[in-house]
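Try each task before reading its solution.

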Amino acid sequence: MIEIKTRAEIDKMQVACRISAQALALGGSMVRPGVSTAEIDNAIEKYIISQGARPNFKGYGGFPGSACISLNDTVIHGIPSAGIVLQPGDIVSIDTGAVIDGYHGDNAATFACGEISKAAQTLLDVTEASLYKGIEAAQAGNRVGDIGYAVQSYVEGEGFSVVRSFVGHGVGRKLHEDPEVPNFGRAGHGPRLVPGMVIAIEPMINEKGYAVHVLDDEWTVKTNDGGLSAHFEHTIAITKDGPIILTKL
């Protein structure tokens, strides 16, 4: 069931989303050669706790980290580790979330570690632009399929592929709520967008094919063909005057 939020509830979510966004910015600022993903995760956790919130990923379904940190051909759900040290040319996707006063925030971005290849930079640029294409389509009266169509048509037009196995979602008192928000689909299909809906739009875009697989750790998602993958996400609120990005600093 899709939960419609009141203005007061969205205001509470804004607090969680701001903390999530600040934690993401902190993590991104640490992306440089020689830094381990565990160091980034620890800093994110400490920051979120310092704001009176808690990391909503830690312990979620047994996930061991406070952030998902995914390098290169890892699409999402990378487990932070002291043994994973960033190298020049890596692309580093960081997904952070915070919960405070019973409401969640969720966002992600992919960062360049030092100088990256032109192909990698193009992937990052297209993925981030596709997120905003999806947000532009998130107008009251449109349907969830309009968001997916906007993302997919843009991404595929640029020569990249859209992950099918994982999608965006509603956000609120739970980290993952209805509706599912695919980054692919047909315009005019799916649940109608109405004021008070809060959703996370999160394109996961691959350099090559869209097929992915989960490693034996039951978390880490990799591209099947070893191509790079990028991930950008915002939590947004649907209003009669257009979408509001709750995780934008």
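Two conventions come first: helices (H or I, at least four residues) and strands (E, at least two) are DSSP runs, numbered from the N terminus, and the expected span of a helix is 1.5 Å times one less than its number of residues. This is a predicted model, in which local features need pLDDT of at least 70, side-chain atom pairs count only at pLDDT 80 or more, and totals for chains, interfaces and linings use all residues. Residues are numbered from 1 along each chain as its sequence is written, and side-chain values use heavy atoms, with hydrogens and water left out.

**Exercise 1. Compare the span of helix α1 with the expected one, then find what its buried residues pack against.**

Step 1: α1 covers residues 7-29, which is 23 residues. From first C-alpha to last it reaches 32 Å, close to the 33 Å expected at 1.5 Å a residue.

Step 2: Buried means under 20% relative accessible area, exposed over 50%, and partly exposed in between (1.4 Å probe, protein chains only). The buried residues of α1 include Ile10, Met13, Cys17, Ile19 and Leu24.

Step 3: The buried residues of this helix pack (contact means heavy atoms within 4.5 Å) against α2 (37-50), β4 (91-100), β5 (103-112), β9 (198-201) and β14 (234-237).

**Exercise 2. Check the radius of gyration of the protein against the globule rule.**

Step 1: The radius is taken over C-alpha atoms, and the rule is 2.2 Å times the number of residues to the power 0.38.

Step 2: Because the protein has 249 residues, a compact globule would have a radius near 18 Å; the value here is 17 Å, which agrees.

Step 3: Along the principal axes, the C-alpha trace spans about 45 × 45 × 30 Å. Buried residues make up 53% of the 249.

**Exercise 3. Which kind of peptide bond joins Asp178 and Pro179?**

Step 1: Omega is about 0°, and the bond is cis.

Step 2: Pro179 belongs to strand β8 (residues 177-181).
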